Amino acid sequence: MKSALMMILACVLAAAGTSSVAALFSINLSLTLDFYASTCPGAAAKIKEMVDEAVQTETRMGASLLRLHFHDCFGCDASVLLDDVLPSFVGEKTAPPNDNSLRGFEVIDNIKTEVEKLCPGKVSCADILTVAARDAVVALGGPSWQVPLGRKDSTTANFTDALASLPSPFLDLSQLVTAFADKGFSTQEMITLSGGHTVGKARCGLFRQRAHSEGNIDPAYAAFLQSICPGTDGVGDDNLAPLDNSTTTDTFDRGYYLSLVGKKGLLHSDQALLPNGGSSSTQINTYNSFLLGSVSFFTDFSNAMVKMGKLTGPAGNVGQIRTDCRRVN
C-alpha cells in the first residue's frame, strides 16, 4: 500500500510540475574553503575517519550518505536530519521520498558527537553531511572535490517541500529536465548527478512497475527483477536490487551508464536518460568511452556536487549550529 501511495503522489507531482517550488532555492554565496581553518581545523580529518570506518563496516553506507546529502539539498541546511516532535512539528523524514528509505542518520549523529568534542558549537550538521557525502564517494573509489563550508543548520523543516522538491523515480526524461532546471541545473548536469546511482540499492516498490510492465528493459534483466520483486503490490516491497547492474555495484564508477546502454536501468527515471538503450546520447557515450569515460564523469560529477552543495533556502544562509543534529537548540 505504501509503494502505491508513493507512486500516486509522484505522478501527481509530475503532472503538476515543480516550477512552484523553484523560487524556494538560491545559491549560498557565503561559503568558503577555509571556513573552519581557525575554529575547528581538525573537523575534516575526523569526518573522513568516521566515514571511512562506517563504509568499511557496511559498504552500502557510502551510497546512503551520498543519498542523504542529495535529499537534504536542494536546500543543504540539515533540515532532513530533524526528528518529528508530534504533534507540534512534522519534519521531512516521513515525507514519502524519505520515509523508510533514507539511511545513515546514526553515522551523522556519531560524527557530530566527536566533532563537538573537538570544537563545541562550531561545525554545522549541514557541513558535516556535505563533507561526509564527498568522503563517502571517495571511500567507494570515486572522485574527491573541495567542499565550500559555512552552512547554517535550519531551525525548521518542511514536509510538503520535501515531497515536492525531490525528483521522483517515476519521472520521464522531460520531467527530469524540468525538475533539475527548476534548481538551476542543466540537462547535462542532471545526467551527471544521476550517475550517483552507480552505487546503492532501491526497494522493490520503486521498480515493480518497470520490472513487470515496461518494454524498454532487457528481458533477462526484467526476469531477474521479477524474481526479487513480485508483481503484487505490497508483496516484497522492501526487497532490494542494486541501482547499478554492472559488475561493480559497490564501486563508484561509470558502470551505471553501461547499464543504461543495455536497457538495464533499475528505476524508470534511470532508463529515461536513455529510453531506447544503445548509443543515442553523446554525453553517456563519452562516459562509457574506454579512454576518457572515467575522467570525464568524475570531473563532471565533482563540479555538479559542488554546485548542488551551494543551494540554500529562500532566506539565504540563516539558522544556527545545532548541538544535536536531530533537534533545534
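Ala-78 counts as buried, at 0% relative accessibility. Buried means under 20% relative accessible area, exposed over 50%, and partly exposed in between, with a 1.4 Å probe and protein chains only. Ala-78 sits in the loop between H3 and H4. Its phi is positive, about 65°, although Ala-78 is not a glycine.

This is a predicted model, in which local features need pLDDT of at least 70, side-chain atom pairs count only at pLDDT 80 or more, and totals for chains, interfaces and linings use all residues. Residues are numbered from 1 along each chain as its sequence is written, and side-chain values use heavy atoms, with hydrogens and water left out.

**Overall fold**

- The chain holds 14 helices and four strands. Helices (H or I, at least four residues) and strands (E, at least two) are DSSP runs, numbered from the N terminus.
- The C-alpha trace spans about 55 × 50 × 35 Å along its principal axes.
- Of the 329 residues, 52% count as buried.
- Among contacts with a separation of 6 or more, 77% come from residues 24 or more positions apart. Contact means heavy atoms within 4.5 Å.

**Surface and charge**

- The chain exposes about 13,800 Å², and carbon and sulfur atoms supply 57% of that area. Accessible areas come from the Shrake-Rupley method with a 1.4 Å probe; for residues, only the protein chains shown count as cover.
- There are 26 positive and 33 negative side chains, and the centres of the two sets lie 1 Å apart. Lys and Arg count as positive and Asp and Glu as negative, while His and the chain ends are not counted. The place of a charge is taken as NZ of Lys, CZ of Arg, CG of Asp or CD of Glu.

**Annotated positions**

- An unreviewed UniProt entry lists Asp-72, Gly-75, Asp-77, Ser-79 and Glu-92 under "binding site". These positions span 21 residues in sequence, yet no two of their C-alpha atoms are more than 12.3 Å apart, so they gather at one spot.
- UniProt positions follow the numbering used here, feature names are shortened, and annotations may be inferred rather than shown by experiment.
- Asp-72 belongs to helix H3 (residues 60–72). At 4% relative accessibility, Asp-72 is buried.
- Leaving out residues up to four places away in sequence, Asp-72 touches Asp-77, Ala-78, Ser-79, Val-80 and Leu-129.
- Pro-167 is also listed by UniProt for "binding site", in an unreviewed entry. Pro-167 lies in the loop between helix H6 (159–165) and helix H7 (173–181).
- Pro-167 is partly exposed, at 22% relative accessibility. Residues up to four places away in sequence aside, Pro-167 touches Phe-70, Phe-74, Leu-176, Ala-179 and Phe-180.

**Backbone exceptions**

- Most residues other than glycine have a negative phi, and most peptide bonds are trans.
- Asn-100 has a positive phi near 55° and is not a glycine. Asn-100 lies in the loop between H3 and H4 and is partly exposed, at 44% relative accessibility.
- Leu-86 and Pro-87 are joined by a cis peptide bond, with omega about 5°. Pro-87 is in the loop between H3 and helix H4 (105–118).

**Helices and their contacts**

- Seven of the ten residues of helix H9 (residues 204–213) are buried, so H9 is largely enclosed by the rest of the structure. The buried residues are Cys-204, Gly-205, Leu-206, Phe-207, Arg-208, Arg-210 and Ala-211.
- Gln-226, in helix H10 (residues 219–228), is partly exposed at 34% relative accessibility. Not counting residues up to four places away in sequence, Gln-226 touches Ala-211 and His-212.
- Lys-46 is part of helix H2 (residues 43–57) and is buried, with a relative accessible area of 19%. Beyond residues up to four places away in sequence, Lys-46 touches Glu-114, Val-115 and Leu-118.
- Val-306 lies in helix H14 (residues 293–309) and is partly exposed, with a relative accessible area of 22%. Val-306 touches Trp-145, Gln-146 and Pro-148, residues up to four places away in sequence not being counted.
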